[in-house]
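I opened this model to look up its sheet, its cores and its ligand site. My notes follow the structure.

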Amino acid sequence: MRDRRTSDRHPGWPARLGPVRVRAGQVRVRPIRLRDAAAWSHVRTRDEAQLLPWEPTGVGPWRARNSVSSWPLVCSAMRGSARHGTLLPFAIEVDGELAGQITVGNVVRGALLSAWVGYWVATPLTGGGVATAALALTLDHCFGPVGLHRVEATVRPENTASRSVLARVGFREEGLLRRYLDVDGEWRDHVLVALTAEEQVGGFTAALVHSGRAQWS
Ligand code: ACO
């Protein structure tokens, strides 16, 4: 008979990753929580213009979808999926403050051992290495404790900043997905990029530190 305490546990969840230091400050990755509501809503409402062009189209106006009162439902749904082993919904912190999100989704086990990753960073902190560091920490986690073999991401061809982040940690381009996702009200082409566990045996965060773009802290 299986031990429920271990069989119900999602490998790699919950988890706290980092810290590492980059130009913008000290970066940590940790599970999202209900008390993120005010900070999450503040940042996302302020940064609507920067986030809207890259996020899947949602139902209703941006302000309503990103209000303080919408967070408990969003957060609880994501944490529920995390408990079921299909999602890893993380907050990114810089110097202890909420600075974005990084989510590993559609975790599929069996012969695939695969998932996608997506992220955003608060506008005042962009250009400081935060997304790159958070992604490296998350990939080490995915290929380590979570036990995945493949992590993929999709990005709009026009999203230069995100494509730089993905390239910096070593994602390979696998092709162009035509009219792949409804983003900002239209079906948008996306570039598919991926990594498998064999591609960074020394670790993604260690590679970032080695390149001088981050320091252990
Ligand atoms: N044009 C070209 N390059 C840029 C731009 C730009 N407008 N902005 C930043 N960059 C470069 C930086 O110079 C840096 O490159 P470098 O490593 O050679 O110096 C890289 O892009 C950015 O690296 P970070 O500083 O680690 O990234 P940042 O913390 O700024 O976050 C992010 C990047 C997440 C794309 C942020 O701009 C954001 O949240 N954008 C809106 C939401 C979004 O696009 N999310 C990603 C969707 S796709 C996906 O999730 C897979």
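The entries below go from confidence to sheet, cores, ligand and single residues.

**Entry 1: ground rules.** I am working from a predicted model, where local features need pLDDT of at least 70, side-chain atom pairs count only at pLDDT 80 or more, and totals for chains, interfaces and linings use all residues. Residues are numbered from 1 along each chain as its sequence is written, and side-chain values use heavy atoms, with hydrogens and water left out.

**Entry 2: confidence.** I checked pLDDT, the predictor's confidence in each residue, from 0 to 100. The protein averages 95, and 96% of the residues score at least 70. Over residues 1-7 the pLDDT is below 50. Beyond near neighbours in sequence, that stretch has one contact in the model (contact means heavy atoms within 4.5 Å). Where pLDDT is low, the predicted coordinates should not be read in detail.

**Entry 3: the sheet.** I traced the strands next (DSSP runs of E, at least two residues, numbered from the N terminus; helices are runs of H or I, at least four). Two strands pair if DSSP finds at least two bridges between them. I found an open sheet of nine strands, in the order 7-8-6-5-4-3-2-1-9, with mixed pairing. Which strands stand at the edges? They are strand 7 (172-183) and strand 9 (215-216). Each has a single partner strand, so one side of each is left without a neighbour in the sheet.

I then looked at strand 1 (residues 17-22) and strand 2 (residues 25-31), which pair in the antiparallel sense over four bridges. V20 has V27, in strand 2, as its bridge partner.

**Entry 4: strand 4 and its partners.** Nine of its 12 residues are buried (under 20% relative accessible area; exposed is over 50%, partly exposed in between; 1.4 Å probe, protein chains only). Strand 4 pairs with strand 3 (residues 88-94) in the antiparallel sense, over seven bridges. Strand 4 also runs antiparallel to strand 5 (residues 114-121), and seven bridges join these two. Opposite Q101 stands A91, and its bridge partner in strand 5 is W120.

I looked at both turns. The hairpin of strand 3 and strand 4 has two residues between the strands, and D95 takes a positive phi near 50°. The hairpin of strand 4 and strand 5 has five residues between them, and G110 in the turn has a positive phi of about 70°.

**Entry 5: cores.** I listed the nonpolar cores: sets of buried Ala, Val, Leu, Ile, Met, Phe, Trp, Tyr and Cys residues joined through side-chain atoms within 4.5 Å. The largest has 44 residues, and V27, I102, V117, L135, L139, V151 and F171 touch the most other members. Helix 6 (residues 130-143) gives the most to this core, with 10 residues. Not counting residues up to four places away in sequence, L135 touches I102, V117, Y119, V165, L166, V169 and F171. A second, separate core of 14 residues includes A37, W71, A91 and W120.

**Entry 6: ligand.** How many residues surround the ligand? I count 26, and the closest are G127, G129, T132, N159 and R168 (near means a heavy atom within 4 Å). I then took down polar contacts, which are pairs of N or O atoms within 3.5 Å. A backbone N or O atom of Y119 lies 2.8 Å from a ligand nitrogen. A polar backbone atom of V121 is 2.8 Å from a ligand oxygen. An N or O atom in the side chain of N159 is 2.7 Å from an oxygen of the ligand.

**Entry 7: V121.** I returned to V121, which lies in strand 5. V121 counts as buried, at 12% relative accessibility. Its C-alpha is 4.3 Å from that of G100, 21 residues apart along the chain. Leaving aside neighbours within four places in sequence, V121 is in contact with I92, A99, G100, T126, V130 and A131.

Entry 8: Is D47 buried or exposed? D47 is buried, with a relative accessible area of 2%. I placed D47 in the loop between helix 2 (37-46) and helix 3 (48-51). Leaving aside neighbours within four places in sequence, D47 is in contact with A122, T123 and P124.

S41 sits in helix 2 and is buried too, with a relative accessible area of 7%. Not counting residues up to four places away in sequence, S41 touches N66, S67 and V68. For scale, I took S41 against G110: 69 residues apart in sequence and 37 Å apart in space, C-alpha to C-alpha.

Terms used
Polar contact = N/O pair within 3.5 Å; in protein donor to acceptor, adjacent residues only side chain to side chain.
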